[in-house]
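Subject: Structure handover

Hi,

Here is the structure for you to look at.

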Amino acid sequence: MSTSVSDNGLLEETLTRLFSEHSDAASRQVAESSGWMPGCWEAMAESGLIWIGVPEAVGGLGGDLDDVCTLIRLAGRHAVPLPLAECTLIGGWLAALAGLQLPNGPLTVAIPRSDDALRIEGNRVRGRLSRVPWANQAAAVVAVADGPSGPRVVLIDPTQVTVAAGHNLAGEPRDSLHLDGITLENGQIGIPPSDPSAELLLRGGLSRTLLMAGAMETITTLTIDYASQRHQFGRAIASFQAVAQRLVQMSAESEMAVLAGEVAARRFADVGVDATFEVAAANATVSRAASEVAAHAHQVHAAIGMTQEYPLHHFTRRLWAWRQEWGSERYWSEVLGQQVVICGADGLWANVTTGLEED
Amino acid sequence: MHFVPVVLTPEEKALQSEVRTFLAEELPKGSYRPALGMNAEHSPEFSKKLAARGWLGMVIPPEYGGQGRSAVDRFIVVEELLAAGAPVGAHWIADRQTAPTLLRFGTETQRRRFLPAIAAGECYFSIGMSEPDAGSDLASVHTTATKVDGGWSLSGTKIWTTGAHRSHFFVALCRTSALGVDRHQGLSQLIVDLSSPGIKINPILFLDGTHDFNEVVLEDVFVPDDMVLGELGMGWYQVTSELAYERSGPDRFLSTWQLLKTYLAERSERAIKVAEQLGGLTARFWTIRQLSLSVARALQLGQSPEVEAAIVKDLGTTFEQEVVAVMQSVMEDDPDPGSSSLFESLLAQAILVSPSYTIRGGTTEVLRSVAAHGLMSRK
Ligand SMILES: Cc1cc2nc3c(=O)[nH]c(=O)nc-3n(C[C@H](O)[C@H](O)[C@H](O)COP(=O)(O)OP(=O)(O)OC[C@H]3O[C@@H](n4cnc5c(N)ncnc54)[C@H](O)[C@@H]3O)c2cc1C
């Protein structure tokens with residue numbers, strides 16, 4: 001089964017080498033206590049790959065959406081504890097959209113929560129942003145603020161605001177920012193051509209879809225390997241029917257997730273916000289697969305999988321976190337369901353049968 | 001297989017309300033962090049308070065310092081404790097597992113020595129069954145006891161030993177004679193003082209960074225003859241009946257009860273929007289509790305409802321995980337483990353630890369094959 005987001009094999013090779021070297025299990029454990037993975041960040045920054053897919057005009061590396069999606073899926077595969085999706089697919093895009101220059105350091109973007117809101121008046125912003133990945137390490141947080149003359153994209157310097165530290169289930173920083181009416185410079189405010197909110201959500205949802213798909217690939221490999229090595233009752237546990245069935249179920253879910261992510265990413269690259277159907281369908285599918293894959297993996301590993309020393313949790317804890325970030329399974333199912341209802345009975349089949357088309 | 005509906009007697013109802021009153025006074029809301037079921041805080045102080053009420057070692061006969069109460073009485077006390085998320089960690093295994101094993105198989109000396117201390121909430125036990133190469137396949141343990149003057153010299157490595165760093169003793173399953181044709185022969189259980197020379201207890205951190213598990217390395221540890229639990233060579237038989245005991249209690253379906261409770265406490269306004277999900281979970285809680293209670297009554301009546309117990313464990317532990325999934329979907333956002341909301345932080349903890357519910361005490365797969373044998377042999 002071939003499962004690459006795109007044909008850019010060289011990029012995949014480069015990133016795989018870089019992540020294998022810098023985001024191994026031991027470094028991830030260290031990063032969990034320190035809140036940052038400096039070696040991997042520096043390697044990404046030095047190679048310029050951190051700004052892949054972001055237009056050169058604002059200081060990005062250029063490249064297309066396929067490249068970005070490759071990066072994000074590989075970040076999932078290696079459980080890289082850095083705001084890579086934030087710098088590229090989500091935040092890098094948002095900054096570039098409004099013509100804002102990229103910061104000289106990590107860029108991040110808040111994961112929306114229902115009680116968040118940012119208001120801008122003149123050049124003063126106030127409000128709250130929750131669940132900002134690595135806000136404490138970031139050079140800038142990019143966000144959309146509502147103002148009297150429409151939405152504005154703003155770049156916030158986290159050192160200027162109150163930051164309350166928090167974490168997700170994988171121990172990755174998810175900080176909350178309280179903006180008590182701070183004044184922004186000109187270069188920190190940009191006017192987007194149109195309201196970016198809908199596309200922002202879609203990009204966020206797509207990022208988590210791809211991250212989860214990548215993590216599931218690793219979990220599946222790890223679990224199949226373990227089940228063929230671990231012996232009980234004189235046999236590899238993979239030879240017990242109950243275990244073998246789980247391995248098949250988890251492989252099916254994981255392959256399904258990879259494919260769904262790939263199709264959604266390509267559709268999104270082709271038609272942008274018009275790919276809401278596909279992104280929603282992929283996220284709902286992948287989030288559900290994530291729970292199943294994590295459950296199968298833990299059950300097959302049994303006690304050893306519950307330990308900090310064994311690396312399975314680097315991936316399963318991220319699945320549990322990512323499936324809730326940028327819209328849960330329920331959220332995306334509802335988005336999809338609403339579209340289905342609006343299109344009505346006659347539109348349903350045509351919607352389900354959309355797929356990729358030749359360029 | 002049959003589950004008989006249980007009617008609680010007036011005395012049993014009175015006990016239930018007595019425990020509720022005690023807990024309301026002892027653990028007022030907000031004064032403690034509720035536990036997720038039996039994986040609870042180690043509090044000798046709390047254990048002793050329960051003992052003072054006669055709520056530890058309830059099924060132990062009075063001549064061994066217990067209360068001589070029934071399995072249902074114990075059920076009533078234990079379900080209240082677990083539902084409250086009370087700090088039952090210290091005495092848990094001694095009360096649930098070691099005491100009944102000692103009663104059934106222990107020598108008179110052992111009963112006199114340990115049972116009163118367990119009932120007093122002063123003596124804590126761990127379970128020394130699993131080894132690195134012997135998990136589901138427990139009969140393949142390598143830990144070996146060799147005969148020495150006045151006792152046994154025990155060597156080997158036990159793993160996943162919950163609470164060994166806090167317990168006084170553990171019951172180690174080991175080989176006391178060489179592996180023969182029948183590998184279930186030649187196994188024995190030894191009661192081992194965890195402070196003995198030659199024992200090293202190494203912590204194994206859980207994936208959420210907490211410390212419950214240990215590796216227990218035994219190097220020529222001397223165990224006196226009178227600490228052979230029950231009969232020499234009968235270890236396999238004893239262990240399998242011990243596992244049957246620990247199966248179907250309220251600890252197999254209440255681990256995630258606090259999620260439902262704290263959600264209702266903190267988000268009463270939103271709750272009505274997810275009434276269907278909450279109703280679905282409540283229906284299962286209600287039903288599975290009835291099943292578990294029915295097994296307790298059968299035990300009280302001297303029956304051996306082994307298949308029923310296995311089925312309750314399977315249903316209960318699977319359900320505990322379903323509660324986590326449903327509450328996660330109800331919450332929508334991602335929970336922060338360090339959140340100031342009790343619901344959110346308990347949900348985060350539950351997401352991380354709940355995979356172990358269908359592993360500890362024997363995995364679902366192995367449990368089902370035991371149950372299948374039982375079902376078929378009753379035909
Ligand atoms: C939270 C927790 C607390 C624990 N506390 C203790 C304790 O205090 N003392 C103690 O001694 N142990 C303890 N254990 C260990 C527990 O008893 C073992 O984890 C369990 O028996 C499974 O063994 P294993 O982890 O080696 O998995 P394995 O036996 O290696 O099993 C791996 C997988 O293979 C499957 N499998 C194995 N054999 C078969 C088969 N024949 N048919 C079908 N499937 C099979 C299993 O179901 C599982 O999915 C604890 C475990 C946990 C998770």
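This is a predicted model: local features need pLDDT of at least 70, side-chain atom pairs count only at pLDDT 80 or more; totals for chains, interfaces and linings use all residues.

**Ligand site**

Start with the ligand. Residues from chains A and B surround the ligand, so the site is shared between chains.

R230(A) places a polar side-chain atom 2.7 Å from an oxygen atom of the ligand. For A303(A), a polar backbone atom is 3.0 Å from a ligand oxygen atom. From chain B, T162(B) has a polar side-chain atom 2.8 Å from a nitrogen atom of the ligand. How much of the ligand's area does the protein bury? Taken alone, the ligand exposes 970 Å², and the protein buries 90% of that.

**Helices of chain A**

Next, α6(A). This helix runs over residues 197-229 and has 33 residues. At 1.5 Å a residue, α6(A) should span 48 Å; its end C-alpha atoms are 48 Å apart, so the two values agree. Is α6(A) mostly covered or mostly uncovered? Mostly covered: 24 of its 33 residues are buried.

Then α8(A), residues 276-301 of chain A. It has 26 residues. From first C-alpha to last it reaches 37 Å, close to the 38 Å expected at 1.5 Å a residue. α8(A) is also mostly covered, with 20 of its 26 residues buried. Just after this helix, A302(A) takes a positive phi of about 55°.

**S339(B)**

Last, a loop residue. S339(B) sits between α10 (306-331) and α11 (342-353) of chain B. Does it count as buried or exposed? Its relative accessibility is 19%, and buried means under 20%, so S339(B) counts as buried. A polar atom of its side chain lies 2.9 Å from the backbone nitrogen of S341(B). Leaving aside neighbours within four places in sequence, S339(B) is in contact with E344(B) and S345(B).

Best wishes

Terms used: Residues are numbered from 1 along each chain as its sequence is written. Chains are lettered from A and ligands numbered from 1 in the order in which they are written. Side-chain values use heavy atoms; hydrogens and water are left out. Helices (H or I, at least four residues) and strands (E, at least two) are DSSP runs, numbered from the N terminus. The expected span of a helix is 1.5 Å times one less than its number of residues. Buried means under 20% relative accessible area, exposed over 50%, partly exposed in between (1.4 Å probe, protein chains only). A polar contact is a pair of N or O atoms within 3.5 Å; within protein, one must be able to donate a hydrogen and the other to accept it, and residues adjacent in sequence count only if both atoms are side-chain atoms. Contact means heavy atoms within 4.5 Å. A residue is near a molecule or strand if one of its heavy atoms lies within 4 Å of it. Accessible areas come from the Shrake-Rupley method with a 1.4 Å probe; for residues, only the protein chains shown count as cover.
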